[in-house]
Amino acid sequence: MTDGPNQKLRYPFPDPPENGAALEVAPGVLWIRLPLPMALDHVNVYALDDGDSWTLVDTGMKTDHSVTLWEGLLDGPLKGKPVSRIILTHHHPDHVGMAGWLMNRFGAELVTTRTAWLFSRMLILDTEEKPTQQALDYWRASGMDPEIYEARKSERPFNFSDVCHPLPLGYTRVKEGDTLRAGGRCWDIHIGNGHAPEHLTLWSRDDNLVIAGDQIISSISPNIGVHPTEPEADPVAEWLEACGRFRSLAREHHFVLSGHKRPFYGLPMRMRQLIENHHGALDRLRAHLTEPRTAADCFPPLFKRTIDKGIYGLALVEAVAHLNHLHHAGEITRWRRDDGAWLWQSREWADDG
């Protein structure tokens, strides 16, 4: 559908709930915000009132502070009622981290996509004390800054097990086209991709609510990255395909509850922005690849800002994702430098050379 000429994003709730508090954003739907120990310093969780119990959508990251906050939420805004079900939008630790704790406490059912469950379960069980050879090879192939590489190869890697409670065995699978009832509503399941494989979103049939996780966020574009687990992946293609499908579903009256930032109206415009953001990045990258470049050399056109050590890893995997996309499309070629890094260049300019 097309966007109206005067369309813009609108935020009916200018201020988020305080940590440990909840804000009712629709009948029977509570918005809860939990802190994160990173640059993106919060995650949004939603509690859907099922009468004698609650369904939670996502759970936050496992920290001592999160446990304290959840204890207060259960006794306070959630009125002492049990959690009977947890819906995970995707496998990232800020969403899955407290799921096992809540499942063990209440015997709650876990509902998610098959890929989200498999990734969550695998990564929580896979604790590494040092980087794998595959990770080291990936970093070298990406042209990682030598100083950062030397530091990382001797550091303990990030482990899901450090920030996620173990997940009990067993879950309920949902897939594209399924429906479920929660919070007095019937929800259609639509599956996104790109930011995370088989990312679940919920679209209410009974009113205007969309619970979008990290697939659709108002003021930031979710990270789209290629990782050592699948170095030839093309998540940009998956992202653009999913955004195209969601854009066809988007209506101006939709009220979007995202995994980060504030709930908003203006979904048709936001879907257009999310698509155009990556097309713009790809256009800038094409112009940059008149000369051979490593993935790390591509930060300036892709991000147009300084990339510090705190976000270097996220930038690197996103740069590889955009290069992979152009490579799979046949627009660029690559070859190995003596140090193992891939050099990428436009086919046109490489052929002319």
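Axes here are lines fitted to C-alpha atoms, for helices over the stretch in contact, and angles run from 0 to 180 degrees between N-to-C directions. The structure described is a predicted model. On this basis, the axes of helix 9 and helix 11 come within 11 Å and cross at roughly 75°. Angles of 65 to 115 degrees count as roughly perpendicular. Helix 9 and helix 11 are therefore roughly perpendicular to each other. Helix 9 contributes H278, A281, L282, L285 and R286 to the contact, and helix 11 contributes E318, H322, L323, H325 and L326. By class, this contact of helix 9 with helix 11 holds five nonpolar, three polar and two charged residues.

L136, W139 and R140 of helix 5 meet Y149, R152 and K153 of helix 6. The contact of helix 5 with helix 6 has three nonpolar and three charged residues, and no polar ones.

Nonpolar side chains tend to be buried together in soluble globular proteins. In this model, the largest nonpolar core has 52 residues. I216, L267, M271, L289, F299, Y312 and L323 have the most contacts inside this core. At least two core residues come from each of helix 5 (133-141), helix 6 (146-153), helix 8 (235-249), helix 9 (267-288), helix 10 (299-303) and helix 11 (312-328). Strand 11 (209-213) and strand 15 (342-346) each supply at least two as well. Helix 11 gives the largest share, nine residues. I216 touches F246, V256, S258, F264, L267, R270, M271 and L274, leaving aside residues up to four places away in sequence. A second, separate core has 33 residues, including L34, L74, A99 and F160.

Strands of a sheet pair through backbone hydrogen bonds, either parallel or antiparallel. Strand 2 (residues 29-35) and strand 3 (residues 42-49) run antiparallel and are joined by seven bridges. Within this pair, V29 stands opposite L48 of strand 3.

Another open sheet has six strands, ordered 8-9-10-11-12-13, and its pairing is mixed. Strand 8 (179-182) and strand 13 (264-265) are the edge strands, each pairing on one side only. Helix 8 lies across strand 9 (185-192) and strand 10 (199-204), and runs at about 150° to strand 9. Strand 12 (residues 255-258) pairs with strand 13 in the antiparallel sense, over two bridges. F255 stands opposite Y265 in strand 13. Strand 11, by contrast, pairs with strand 12 in the parallel sense, over four bridges. In that pairing, S258 of strand 12 is the bridge partner of G213. F255 and L257 point one way from strand 12, while V256 and S258 point the other way. All four of these residues are buried. Two of them, V256 and S258, are among the residues touched by I216.

Two lysines stand out by backbone geometry. Most residues other than glycine have a negative phi. K79 has a phi near 60°, a positive value in a residue other than glycine. K79 lies in the loop between helix 1 (64-75) and strand 5. The relative accessible area of K79 is 61%, and exposed means over 50%. K79 is therefore exposed. K304 likewise has a positive phi, of about 55°, although it is not a glycine. K304 is found in the loop between helix 10 and helix 11. At 62% relative accessibility, K304 also counts as exposed.

Notes. Residues numbered from 1 in each chain as written. Predicted model: local features only at pLDDT ≥ 70, side-chain atom pairs only at ≥ 80, totals over all residues. Heavy atoms only, no water. Core = buried A, V, L, I, M, F, W, Y, C linked by side-chain atoms within 4.5 Å. Buried < 20%, exposed > 50% of the residue type's maximum accessible area, 1.4 Å probe, protein only. Contact = heavy atoms within 4.5 Å. Pairing = 2+ DSSP bridges. Parallel < 35°, antiparallel > 145°, perpendicular 65-115°, else oblique. Nonpolar A, V, L, I, M, F, W, Y, C, P; charged D, E, K, R; others polar.
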